[in-house]
Structure formats: structure tokens, C-alpha cells
Amino acid sequence: MNRPPLTVGIIPNPASGRDLRRLTANAGLFSSTDKASVVQRLLGAFGATGIQRVLLPTDMTGIAAAVLKASRGRHARDNRWPELEILDIRLRQTVEDTRLAAHLMAERGVALIAVLGGDGTHKAVAAEVGDIPLLTLSTGTNNAFPELREATGAGLAGGLFASGRIPPEIGLRRNKRLLVREARRGLCEWALVDVAVSPLRFVGGRAISRAEDLAEVFVTFAEPHAIGLSALCGLWCPVSRQAPEGAWMRLHPEARDALLAPLAPGLLQGCGVVAAGTLEPGVAHAPSLNGGTLALDGEREIAFAAGDRPTVTLDSHGPLSIDVEAALAYAARHRLLSIGREHPQHPVNLSC
Amino acid sequence: MTTHLSAEQLLHAYRVMRTIRVFEERLHIEFATGEIPGFVHLYAGEEASAAGVMAHLRDDDCIASNHRGHGHCIAKGVDVHGMMAEIYGKKTGVCQGKGGSMHIADLSKGMLGANGIVGAGAPLVAGAALAAKLKGTDAVAVVFFGDGASNEGAVFEAMNLAAIMNLPCIFVAENNGYAEATASNWSVSCDHIADRAAGFGMPGVTVDGFDFFAVHEAAGAAVARARAGEGPSLIEVKLTRYYGHFEGDAQTYRDMDELKEMREVRDCLKQFRDHTVAAGLLDISQLDDIDGEVERQIEDSVIKAKSDPKPPAADLLADVYVSYP
């Protein structure tokens, strides 16, 4: 019986990196052209590490089209890109496209999914794919979950793991998550980094750019070098990705203590800190406000009113992700990228 | 910039959107009778864009529109009966019946005009923004254009001028997915019109044009930026039009199931009602009252416009640049 080709997925979010924060802060742009380039770099790395097929969803912004065109060119041939299969899904141009692509890839049994997007994109994929590892690449605005990393090296780490040359205990890490539940509407949503409670009544432009629009923040982890809402805890009560607990912080403009925190790229805001503490796993917390919005991983998504009873709970059942540094350190120790004279890119085979 | 809107402001925004919707849906019916001269291009479905942007503007702020201009006029405060009469070609119209749908204008409201030339509004607002800057006021100028116009040279020239001269100018690209019958995902390279702002050194954002509050927030940030002398911005508003490019367009190029879903699920008026009532900020009865008042206003404006006088023949030679013997 033929073994199925070693297959991975790539999900670029066409909408990431172009929200309101380009106006309210100094956030940069991550264009569709840039994203198509990142996908091409991943294909080169996947080809070099033995991945045979890559699934890529179609989109309305030309990313898949540009990659498909490039896959027929000289560079793709010379670098032995994997076979490219475009997932032709009916597009709604909402987060549902990301969810559907992730779902289809999981059904196809991919060994890994590379995600190009922000915290929100990773959250949407993670909720669909169970324990399929994610190779996380930041192409959003305020990202804490995916690290800002060059795609070629990340692709090598992902490809080596997916092809079975890096043991899971080295190359994978289990992440925490926050579950947001609201019984009346039957909601159960994930966040991978933070849930913020805002007095703003509408989802609107989604981003939160002012300290006064924040009443409370819950985080799975918070690193002092973070950008975005988790930076609040990161600079006051940091907690690592590996620690079992998370952190919380309650905010009010008139609090006695205040903290200067980067809420978005280039946007430093003084935030009044009422209290902060450790977020224990398994304990459901209700927001301190009677009404407002909940921002999941930096974007307002859920409006709630006095009759609603949303809760936020930390647990350790978040997605698996590739630990790129650990994977590549292992690859270096075991010379996983050494090549023999038969390899077409061995120096003896390269013409001058 | 956030959505701290008073009940009065919320009700005004709803009234603006409802007025545009009823105005356009009535024109959809009336145009079929053959009484209205020329073409009409309806704005129904796109109301949150005009209402969200114009909520931040004053009468001394100028806007320039395109062929689909009724919504921009209503949101900028142009008299509804005057508009209806103008579209019917009557003397009582805001341009005395000479402009019609595609050249409707009201300078007293800062509405520089609808425009039959694709992309032609952009250089006009660059001029208006330059005037405001030279006069030392904090007025701003806004152009509304579509995905088709986003490919026009005049738009790029205006963006370049606005950027190098740091003009208080806001470029609002209303991307409804089709330039007449040509899909924007085929005809617009790089697809996100907002991405093009980077080429001119200005910020560009994409917002959900079905959500008044999303447009309102982005426009608020862009207007505040312009008034503070920080230069131009580009806002791409992604939305859809409920009717054809023009009245009579059979729309054989569109997936009508997709349109049906947008209308039933994402409609800006429906969302506005749901969100404001769920948040406890407005009562459903207040919104229903506005619906009734707007219906009566549009009915009255149609009845009056139909019975209003046509311009006399002598008007042909009035208000022109050359004196004829």
C-alpha cells in the first residue's frame, strides 16, 4: 500500500495587519504581497526538509494566486518545493474562512499547520485542529502568541519536526488558553494570550487603543517584552509561557498606581492599576463590569449586557506549537541539515 | 477614537442611515416608472460608510462624491426634498434641476458634488484641503470613491499631492466588490486598497462597512489626525451594494445567494438596531418612530417633487460661464 504524501498546511490570514491601529498608533502594514513571500519562503524550507505536499487555502487578496504562479517557476523547481494543492473553499471574507481551512486541513490529516497572522488568527486555527502542531508566524499587529521570526528558519524547524526527525518532547510545547463562556448564548470561545474587559459597548473597530477603555485583563502568559494588552501584566506581574498559572490585572484611570505600557506598536499609555494577581487554572472569573465588551487576543469580539454572565477560565489545554529555537538547536546538535554529495545543492553540484 | 456616542448622536446616525435606505428603495421603484431622467446609481447597503464618516464632519468640511452620491448627500445634511426634486429635474432641486442624480451638489453643506467621472472627486478634495490649510482653518476634506476609481491615475495623483503637502484629506475607498460588472478581486492588484496608502507614506486601514461603529471609529481617528495637521489617511470600507451598478443592471455577474446572506445577516441597519438595543442604549420604539417619520418624509418628498415645476427654458443660459446675446 502506498504511503500518503507527507502533507502540511499553511494558513495565511489575508486580513491581518491592517486594522485601525495604523491610524491610532504607528503600527506597520503586512501586505498580501509580503504574506505571499512568507509562504514562498516556507515552501522552500518545507521542500528542503522532506515535506511532499502543502495545502493552501484560496483567498480574495491574491496570496494563493501569487504562490500558485511562483510554484510553476524556476525557483520552485530548483528548490524542490513540495506539491502545492489549493483548497478551494467558498470564501466569506471573515474569520470563518480561517476556521474552515483549518478544519479541512485537520480532516486531511496534515502533520503541521503553519499560521501567518496575529494572536486572533492563531486562536481561530487552534480551536479547529486539536493536537495538530502549529508553526506560528506573526503577520499581525500586536502579537504575543506567534513570535516575530524569519519564515525560512521557522519553516526548517517545522519541516524537520513534521518529517519525524525532531522528537516531540524537544520540538513541541503545550500552550495555555483562556476559555470565555456565556451560558445564555451558549458561547465558548478561546483566547491564547489575553481577554480584556472593556467598558466600550460595541465591537466597532475591534482594537483597544486607550487606557480608559480597559477595565480588566486576564492573561495566559505575559512577557516583559510583549506588545499589546498582555504587556500590562508583562511589565507588572510577568508570567512565563511555561508556568501553569496566568495573571490578571484590574484597571481604572483613577487608581493610585499607574503603569506606562505599550498597548500597540508606538502607543504608550499610562494605565491606572487597581490590583493584580495570579490567575489559577480552572477557576472561573466573572468580569468586574455589568456591561461592555470582551476583547479576545486584543480584539473586541463579544458584547455583553447586565443580563449576561460571561466567565473567563484559564486551562492548560491550548494548542501544541513548534518550539523553533529548541527544534533548531536539536537540529544543530544532530547535524540534521548536513547534506551528502548526492544532494543537488551540495557545493560539488553547484556550477560556478 | 472610540464609540462613546450619546443617545442623540446614535439616533441621528440611525436616522441618516434609514433615510438613505428609504430614499434609495423608493428611487428603485420610481425610476422604473420612467419619470426620472438620466441614470441613478443606488447606495442602499452602503449606508454605514456615509453615516460613520459624516458623523465627524461639519458644514465647513468638504466632501466630494462619485456617481453613487445620494447617500453622501443625505449624510452631509443636504435637504432631502431638494435632492428628490433635483433627481426629478425640477426647478426646486438643490441645483435647480440642472444637475440630476450624478451632479447633485450643495456647497452650503460642503458637498462639492456627485461626479460622473470615475475618480474625479479625489483631486477636488485635495484642492479643498489645500484651501483649508492655506486659510489656517482646521477643516478637512473627504473623497468617497469606489474600487474601480482606486485604479485611476487621478486618485493616485491626489494621494501623492495630499501626502507631499501634508493636506487634511481623507480618502474613503468604498469597496463594494464591483466596478460596474468587473470584480475588484480581479481588477485591483494587491487587492487590499488600503495597502496602497503605504506607497504614499500615509496610513491605510480596512474596516467593515456593514458596521457603523467600525467606520465611525476609523473615520474619527482619521479626521482627528487631519484636523491636527498630521496629514492624509486612507480608509478602505468593505461593503456591498444591494442593487445593480445602475438601475436596470441585471447583475448577471453576481452570486445572488451571497447578496441575500449579506442583506439578511450583515445589514448595517439591522446590526445597528440589534447592538444599540442589546446594549441598553436605545429603545426599539425610538428606532421604530424614526422609521415611521422617515417613511413619511420620503413619501412627502416624492409627492412634492413630482408636482414641482420644471426649470423654464430661459434657465438653459443662466448660471453658465459665458454670456450669450
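**View 1. Helices α5(B) and α6(B) run roughly parallel to each other in this predicted model.** Helix α5 covers residues 121-135 of chain B, and helix α6 covers residues 153-164 of chain B. The two pack at an angle of about 20 degrees. Angles under 35 degrees count as roughly parallel, and α5(B) and α6(B) are therefore roughly parallel. Their axes lie 8 Å apart. The crossing of α5(B) and α6(B) is left-handed.

**View 2. Residues of α5(B) meet residues of α6(B).** From α5(B) come Ala122(B), Pro123(B), Ala126(B) and Ala129(B). From α6(B) come Ala154(B), Val155(B), Glu157(B), Ala158(B), Leu161(B) and Ala162(B). Sorted by class, this contact has nine nonpolar, no polar and one charged residues.

**View 3. Helix α6 of chain A is mostly covered.** This helix spans residues 119-129 of chain A, and 10 of its 11 residues are buried. Among the buried residues of α6(A) are Ala124(A), Val125(A), Ala126(A) and Val129(A). The buried set also includes Asp119(A), Lys123(A) and Glu128(A). Gly130(A) follows α6(A). The phi of Gly130(A) is positive, near 60 degrees.

**View 4. Chain A touches chain B.** The contact takes 23 residues from chain A and 30 residues from chain B. On the side of chain A that touches chain B, the elements giving two or more residues are α1 (21-24) and α2 (32-48) of chain A. α1(A) gives the most to this side, with three residues. By class, the side of chain A that touches chain B has eight nonpolar, nine polar and six charged residues.

How values were computed
Residues numbered from 1 in each chain as written. Chains lettered and ligands numbered in written order. Predicted model: local features only at pLDDT ≥ 70, side-chain atom pairs only at ≥ 80, totals over all residues. Contact = placed C-beta atoms within 7 Å. Helix = DSSP H or I, 4+ residues; strand = E, 2+ residues; numbered from the N terminus. Nonpolar A, V, L, I, M, F, W, Y, C, P; charged D, E, K, R; others polar. Axes fitted to C-alpha atoms, helices over the stretch in contact; angles between N-to-C directions. Parallel < 35°, antiparallel > 145°, perpendicular 65-115°, else oblique. Left-handed = near helix turned anticlockwise from the far one by under 90°. Buried ≥ 20, exposed ≤ 12 C-beta atoms within 10 Å, placed from the backbone.
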